[in-house]
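Subject: Structure handover and notes

Hello,

Please find the structure below, followed by notes on what turned up in it. Keep it open while you read.

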Amino acid sequence: MKLLKTLLASAVAVSAMPALAYEAGDIIVKAGVVNVNPKEDNIDLGAAGKAQISDDTQLGLTLTYMVAPQVGVEVLAATPFKHDVTLNGNKIASTKHLPPTVSAQYYLMDPASKLQPYVGLGVNHTFFFDEDGAATHLKKSWGLAYSAGLNYNIDDKMLANVAVWKMDIDSELNDTGIDIEIDPLVFMVGAGMKF
């Protein structure tokens, strides 16, 4: 009888434990609002001054495949971002770009925790299109992307997310040798689901 009570107590304790938040093979899809905020003084035009690139906010999507309970591979995608280029307050150009990014992520907490902070390191590939004004023939960019984020697991399927990336995005203006250093901070607030 004592053995039976011990087994029942163990079964109740195990059933009360939260299910693992993440396991190898899980797929996490998140959608939300993404803001690309370029650094200041992006284009040095010599005597004319330094041009600025505006920020933009669009819809974003991430897909993460969990390789192990604390290791994932993430792909970041979004609808096209549009940026105006201004010099001394006057618009001189505009362009659209897409910055797909692939990152390896490491989750810092026990996989059973509701809070899941993570850090990531990846590669960004940015290409430009719909260029107008002084910005034409902008070169594609390859660069590193550093990221950090936090998932809050609402239940075993749904989650809320905040994330930030620092991206190395550089291009060249019209084959002139004038460098464009966008190097933005990218912020995302969204929600997701684990499959």
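A residue is called buried when its relative accessible area is under 20%, exposed when over 50%, and partly exposed in between, using a 1.4 Å probe and protein chains only. This is a predicted model, in which local features need pLDDT of at least 70 and side-chain atom pairs count only at pLDDT 80 or more, while totals for chains, interfaces and linings use all residues. Residues are numbered from 1 along each chain as its sequence is written, and side-chain values use heavy atoms, with hydrogens and water left out.

Positive phi angles

Asp 183 is not a glycine, yet its phi is positive, about 35°. Asp 183 is buried, at a relative accessible area of 13%, and sits in the loop between β13 and β14 (185-194). Strand and helix labels such as these are DSSP runs numbered from the N terminus: helices are H or I with at least four residues, strands are E with at least two.

Asn 88 is another residue other than glycine with a positive phi, near 55°. Is Asn 88 buried or exposed? Asn 88 is exposed, with a relative accessible area of 64%. Its place is the loop between β6 (81-87) and β7 (90-98).

Salt bridges

How many salt bridges does a search of the whole structure find? The search finds five, where a salt bridge is a side-chain nitrogen of Lys or Arg within 4 Å of a carboxyl oxygen of Asp or Glu.

One of them joins Glu 181 to Lys 39, at 2.8 Å from N to O. Glu 181 belongs to strand β13 (residues 178-181) and Lys 39 to the loop between β1 (27-37) and β2 (43-44), so this pair ties together parts that are 142 residues apart in sequence. Glu 181 is partly exposed, at 33% relative accessible area, and Lys 39 is partly exposed as well, at 29%.

Another salt bridge is formed by Lys 139 and Glu 172, at 3.7 Å from N to O. This pair also links distant parts of the chain, 33 residues apart: Lys 139 is in the loop between β9 (115-133) and β10 (141-153), and Glu 172 is in strand β12 (residues 170-173). Here Lys 139 is partly exposed, at 39% relative accessibility, whereas Glu 172 is buried, at 18%.

Lys 91 and Asp 84 also meet in a salt bridge, at 3.5 Å from N to O. Asp 84 is partly exposed, with a relative accessible area of 27%.

Aromatic pairs

The structure holds three aromatic pairs. Rings of Phe, Tyr and Trp (its six-membered ring) pair if their centres lie within 6.5 Å; planes under 30 degrees apart count as stacked, over 60 as edge-to-face, and the rest as tilted.

Tyr 22 and Tyr 107 make a tilted pair, with 5.3 Å from centre to centre and 50° between the planes. The two are 85 residues apart, with Tyr 22 in the loop between α1 (2-16) and β1, and Tyr 107 in strand β8 (residues 101-107). Both Tyr 22 and Tyr 107 are buried. Ring pairs link these two and Tyr 118 into a cluster.

For Phe 127 and Phe 129, the ring centres are 6.4 Å apart and the planes lie at 35°, so this pair is tilted. Phe 127 is partly exposed, at 30% relative accessibility, and so is Phe 129, at 25%.

Cavities

The whole structure has two cavities of 30 Å³ or more. On a 1 Å grid over the protein atoms alone, a cavity is a set of points where a 1.4 Å probe fits but cannot get out, and its lining residues have an atom within 4 Å of a point. Grid points are joined across faces, edges and corners, and a volume is the space filled by probe spheres set on the points.

The largest cavity holds about 70 Å³ of space. It is lined by 10 residues, of which Ile 53, Val 85, Thr 95, Leu 138 and Ile 180 are the closest to its centre. Its lining has eight nonpolar, two polar and no charged residues. In that count, Ala, Val, Leu, Ile, Met, Phe, Trp, Tyr, Cys and Pro are nonpolar, Asp, Glu, Lys and Arg are charged, and the others, Gly among them, are polar.

The second largest cavity has a volume of about 60 Å³. Its lining includes Val 34, Leu 76, Phe 81 and Met 167. β1 and β5 (71-78) are the elements that give two or more residues to this lining, and β5 gives the largest share, three residues. By class, the lining of the second largest cavity has 10 nonpolar, no polar and no charged residues.

Regards

Note on methods: On a 1 Å grid over the protein atoms alone, a cavity is a set of points where a 1.4 Å probe fits but cannot get out, and a pocket is an open set with protein on both sides within 12 Å along at least five of seven lines; lining residues have an atom within 4 Å of a point.
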